[in-house]
Amino acid sequence: MIPGTPHEEILLLCGRLKKEGLCPVPHIAARTLNRQSLEELLSGFRDLGVCNALLLAGDTPVPAGEFSSAMDVLRWGQIKNYGFRQIDVVAHPEGSSWMKDPVHFLMQKLDWAKTEGVEMDIVTQVCFDMSKTVTLVQQLRSLGIQNTVRVGLPGPTKLDTLIKYAEVCGVGPSIQYLKEHANCGTTTEGEMGHDSESLLDQLEGHIRTLQEANPQMRDLDQGLQFKNIRVHLYSFGGFSTTAEWGKNMKN
């Protein structure tokens, strides 16, 4: 979801995805909403039978209402009354300009989910340096956090489109990394862009290196550090293109 997208468009898309047998996971950006607009949006999701959402603060400099963070929405105490079975939250492999200690605030949300009996996965913000993502996962596991981590990856996308979306998402360090490694692959149309498969290879390579250095990490009985790792694809290059790429990767 792009910041500023009208709620009517979001609800229409969720309805379309439901009709096509898919599970929509709308993004709820706390800082863009006041209580009335949030209640209206959540009511729309409930009417459509949407039961999963990704809750984040958003990068709006001045909050539209009483919600300055995702945790403010959770503390509000009403979101779970709108039929959600799972509410995912965001983690920041490169840190955050809004928070001095993002992991501290992440743990607050996870504690809330445990207390309220709500399923909660952790979705990482777009990051093109997989070593930072792996380091974050290690940190979370060392703190006893075993929630599923969904590593945020962009689907096949033109380089200029990817940079534009990275700027919108506020991932400055990744923009620089991307520009320095701009020749890492091509899009499905054969144009210069970012090769999403190379990011998966990087992720797998970093994990394998750590496991070879620490054989006990391979022992499932001892609690694998990288157990419950999934992928979250950001469809910056278009939903159909991303879905087709993901299907081919799965096969």
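A cavity is a set of grid points where a 1.4 Å probe fits but cannot get out, and its lining residues have an atom within 4 Å of a point. This model is predicted.

The structure holds one cavity of 30 Å³ or more. Helix 4 gives the most, with four residues. Sorted by class, the lining has seven nonpolar residues, one polar and one charged.

Now turn to helix 2, residues 35-48. At 1.5 Å a residue, its 14 residues should span 20 Å, and the end C-alpha atoms are 20 Å apart, so the two agree.

Next, the buried side. Ser-37, Leu-38, Leu-41, Leu-42, Gly-44 and Phe-45 are the buried residues of helix 2. Viewed down the helix axis, they fall within an arc of 155 degrees, so they line one face of the helix. An α-helix has 3.6 residues a turn, so residues three or four places apart point the same way.

What does the buried face of helix 2 pack against? Its buried residues pack against helix 1 (7-19), strand 1 (27-29) and helix 3 (70-76). On the other side of helix 2, Gln-36 and Asp-47 are exposed.

Notes
Residues are numbered from 1 along each chain as its sequence is written. This is a predicted model: local features need pLDDT of at least 70, side-chain atom pairs count only at pLDDT 80 or more; totals for chains, interfaces and linings use all residues. Side-chain values use heavy atoms; hydrogens and water are left out. On a 1 Å grid over the protein atoms alone, a cavity is a set of points where a 1.4 Å probe fits but cannot get out, and a pocket is an open set with protein on both sides within 12 Å along at least five of seven lines; lining residues have an atom within 4 Å of a point. Grid points are joined across faces, edges and corners, and a volume is the space filled by probe spheres set on the points. Helices (H or I, at least four residues) and strands (E, at least two) are DSSP runs, numbered from the N terminus. Ala, Val, Leu, Ile, Met, Phe, Trp, Tyr, Cys and Pro count as nonpolar, Asp, Glu, Lys and Arg as charged, and the others, Gly among them, as polar. The expected span of a helix is 1.5 Å times one less than its number of residues. Buried means under 20% relative accessible area, exposed over 50%, partly exposed in between (1.4 Å probe, protein chains only). The arc is that of the directions from the helix axis to the C-beta atoms. Contact means heavy atoms within 4.5 Å.
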